[in-house]
Amino acid sequence: TARKIAFIGLGNMGGGMAANQAGAGHVVSAFDLSQAALDRARAAGCSPVASVAEAVKDVDVVITMLPAGPHVHQVYSEQIIGAAPSSALLLDCSTIDVETARKVAGLAKAAGYAFADAPVSGGTMAADAGTLAFMVGCDEADFARIETALEPMSRATFRAGDHGAGQAAKICNNMILGITMLGTCEAIALAEKLGLDPVKFFDIASKSSGQSWSVTTYYPWPGPVPTAPSNRNYDGGFATAMMLKDLKLAQDAAARAGAATPLGAQSEALFQLFDRLGYGGRDFSGILQMLRGRLDD
Ligand code: NAD
């Protein structure tokens, strides 16, 4: 049955996600601060509105896809909670810090709402295609209807645990990704210096204990994985600035929780350097060129 959905935050990710909700036959009231984003949403079958308050009136589900924790806290505490009907399901799909996710969940719950942190894995292509993976932190009793509400945008939805666990899963997963990518890049740079062909090294590492997602589906040297950004000069893909954001969230969380994450810290420092050198817009696997001393190539 058709649902009434408010979609707040229609950027690179939210635009495609809202379009998929409308495409599935749901009625989508869309709001963003940017007029261009509202125009794109209209073209995709959503109904643009002039405020969050207007968007969330009488809806079944509220979905937010905002830049960071402060935006999420402000929009929920000042504009959604109290304005949306208390029967509405509130789903924040932004990537934010665990603490803010738990704080917002507490505010929502106290006001009688079901809330979930539901950050995504997959980039803008998956957002457009409706093939994102969602990592959900919520009360167990709410999960079935959350999964149903996310379905038009998803290829898989996991309940990670209670509130905040979705964000925890997201930053822990991406910390592995940052670390394995750097390990893969260092190994390729060393292989090259030792006279070992990095393409031959792919054949070996992808079938040996060095194997990881960074090797087999995102190899940072051109050739072996044709779909990897290494084949198009590290254009598109997963921007270094985005990886850096997630690594910073992981380090902040580790400091608060007292977890030892020395490799996560090193990864943050190295991606920070690559970003400072002016490559924040490049795919994160392009850090290989920094390690090779070939940033000008
Ligand atoms: P984006 O900057 O393209 O979009 C964010 C949108 O939110 C913008 O259109 C902005 O105008 C809007 N916005 C900001 N404050 C607002 C407010 N108060 N009210 C209404 N709208 C407001 O960012 P994005 O790439 O779509 O990313 C969104 C979230 O998804 C981030 O948390 C990001 O970390 C996460 N994410 C992004 C990717 C990716 O590949 N881009 C992948 C996974 C997760």
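Leu 91 stands opposite Ala 116 in strand S6. S6 covers residues 114-117 and pairs with strand S5 (residues 89-92) through four bridges, the two running parallel; two strands pair if DSSP finds at least two bridges between them. This is a predicted model: local features need pLDDT of at least 70, side-chain atom pairs count only at pLDDT 80 or more, and totals for chains, interfaces and linings use all residues. Residues are numbered from 1 along each chain as its sequence is written.

**Strands S5 and S6**

- From S5 the chain crosses through helix H5 (residues 98-110) to S6, in a right-handed β-α-β crossover. Right-handed means that, with the strands pointing away from the viewer, the path from the first strand over the helix to the second runs clockwise.
- Helices (H or I, at least four residues) and strands (E, at least two) are DSSP runs, numbered from the N terminus.
- In a regular strand the side chains alternate between the two faces of the sheet.
- In S6, Ala 114 and Ala 116 point one way, while Phe 115 and Asp 117 point the other way, and all are buried. A residue is buried if 20 or more other C-beta atoms lie within 10 Å of its own, exposed if 12 or fewer, and partly exposed in between, with C-beta atoms placed from the backbone.

**The whole chain**

- The chain has 13 helices and nine strands.
- Of its 297 residues, 48% count as buried.
- The C-alpha trace spans about 65 × 45 × 35 Å along its principal axes.
- Among contacts between residues at least 6 apart in sequence, 62% join residues at least 24 apart. Two residues are in contact if their C-beta atoms, placed from the backbone, lie within 7 Å.

**Around the ligand**

- The ligand is surrounded by 24 residues, the closest being Gly 11, Asn 12, Met 13, Thr 95 and Gly 123. A residue is near a molecule if its C-beta atom, placed from the backbone, lies within 6 Å of it.
- Helix H4 (69-80) and helix H11 (240-257) are the elements that give two or more residues to this shell.
- By class, the shell has twelve nonpolar, ten polar and two charged residues. Ala, Val, Leu, Ile, Met, Phe, Trp, Tyr, Cys and Pro count as nonpolar, Asp, Glu, Lys and Arg as charged, and the others, Gly among them, as polar.

**Two residues with positive phi**

- Most residues other than glycine have a negative phi.
- Asp 58 has a positive phi, near 65°. Asp 58 lies in the loop between helix H3 (52-56) and strand S4 (61-64), and it is exposed because 10 other C-beta atoms are within 10 Å.
- Asn 233 also has a positive phi, near 55°. Asn 233 lies in the loop between helix H10 (213-216) and H11, and it is partly exposed because 13 other C-beta atoms are within 10 Å.

**Two buried residues**

- Ser 29 is in strand S2 (residues 27-31) and is buried, with 23 other C-beta atoms within 10 Å. Not counting residues up to four places away in sequence, Ser 29 touches Ala 6, Ser 47, Val 49, Ala 55 and Val 59.
- Ala 165 is in helix H8 (residues 165-193) and counts as buried, with 21 C-beta neighbours inside 10 Å. Leaving aside neighbours within four places in sequence, Ala 165 is in contact with Gly 137 and Ala 160.
- Ala 165 and Gly 137 are 28 residues apart along the chain, and their C-alpha atoms are separated by 4.7 Å.
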